[in-house]
Amino acid sequence: MAKTSTTVRNRRRAETVARYARRRAELRELRRTGTPGERASAQRALQALPRDASPVRLRNRDPFDGRPRGYVGAVGVSRVRLRELAHAGHLPGVTRSSW
C-alpha cells in the first residue's frame, strides 16, 4: 500500500496536467511551425509553465492501493490486483489457466 501523500500528489499532478494540456499543445504546435521568433517565445512560455504540468511527471498507479510498480496498462491495475480480480472472476474475458 502506497503512502497517502504520494497518491494525493500524483492525483494533484494529474489535475495540473489536465488544466494546462490545451496551452501546452498550442505552444508545442507553435514551437514546431512558427517563425524563429515565435519558436523562441513559445519555448520560453513552455519553460515558464509549472513543472507538474508535464504529463511525463505522472506515474501510473493502481487505483485501489496506489501501488506504483507492476502496473498493467490494459486493465489499469497492478499485477497483484490483476491476479486477485481474475481469480475472483471480476474481469470479463480473463480465464485462469491450468495445464
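When I say that two residues touch, I mean that they have heavy atoms within 4.5 Å of each other. With that in hand, hello everyone, and let's look at Ser 54. Leaving out residues up to four places away in sequence, Ser 54 touches Val 17 and Arg 24. Please keep in mind throughout that this is a predicted model.

Where does Ser 54 sit? You'll find Ser 54 in the loop between helix 2 and strand 1, the strand at 71-72. Is Ser 54 buried or exposed? Its relative accessible area is 17%, and the cut-off for buried is under 20%, so Ser 54 counts as buried. There is also a C-alpha distance to mention here: Ser 54 and Ala 21 are 33 residues apart along the chain, yet their C-alpha atoms are separated by 8.4 Å.

Now let me step back to the whole chain. The protein has three helices and two strands, and going along the sequence the pattern reads α-α-β-β-α. Along the principal axes, the C-alpha atoms fill a box of roughly 65 × 30 × 20 Å. As for burial, 25% of the 99 residues count as buried. And if you take the contacts with a separation of 6 or more, 36% of them are between residues 24 or more positions apart.

Next, the helix pair. Helix 1 covers residues 4-33 and helix 2 covers residues 36-48; their axes come within 8 Å and cross at roughly 150°. An angle over 145 degrees counts as roughly antiparallel, so that is how helix 1 runs relative to helix 2. The crossing of helix 1 past helix 2 is left-handed.

Who meets whom there? On the helix 1 side we have Arg 23, Arg 24, Leu 27, Arg 28, Leu 30, Arg 31 and Arg 32. They meet Glu 38, Arg 39, Ala 42, Gln 43, Ala 45 and Leu 46 of helix 2. Sorted by class, this contact has five nonpolar, one polar and seven charged residues.

Setting aside neighbours within four places in sequence, Thr 7 is in contact with Ala 2, Arg 61 and Gly 66.

Terms used
Residues are numbered from 1 along each chain as its sequence is written. This is a predicted model: local features need pLDDT of at least 70, side-chain atom pairs count only at pLDDT 80 or more; totals for chains, interfaces and linings use all residues. Side-chain values use heavy atoms; hydrogens and water are left out. Axes are lines fitted to C-alpha atoms, for helices over the stretch in contact, and angles run from 0 to 180 degrees between N-to-C directions. Helices (H or I, at least four residues) and strands (E, at least two) are DSSP runs, numbered from the N terminus. Angles under 35 degrees count as roughly parallel, over 145 as roughly antiparallel, 65 to 115 as roughly perpendicular and the rest as oblique. A crossing is left-handed if the near helix is turned anticlockwise from the far one by less than a right angle, and right-handed if clockwise. Ala, Val, Leu, Ile, Met, Phe, Trp, Tyr, Cys and Pro count as nonpolar, Asp, Glu, Lys and Arg as charged, and the others, Gly among them, as polar. Buried means under 20% relative accessible area, exposed over 50%, partly exposed in between (1.4 Å probe, protein chains only).
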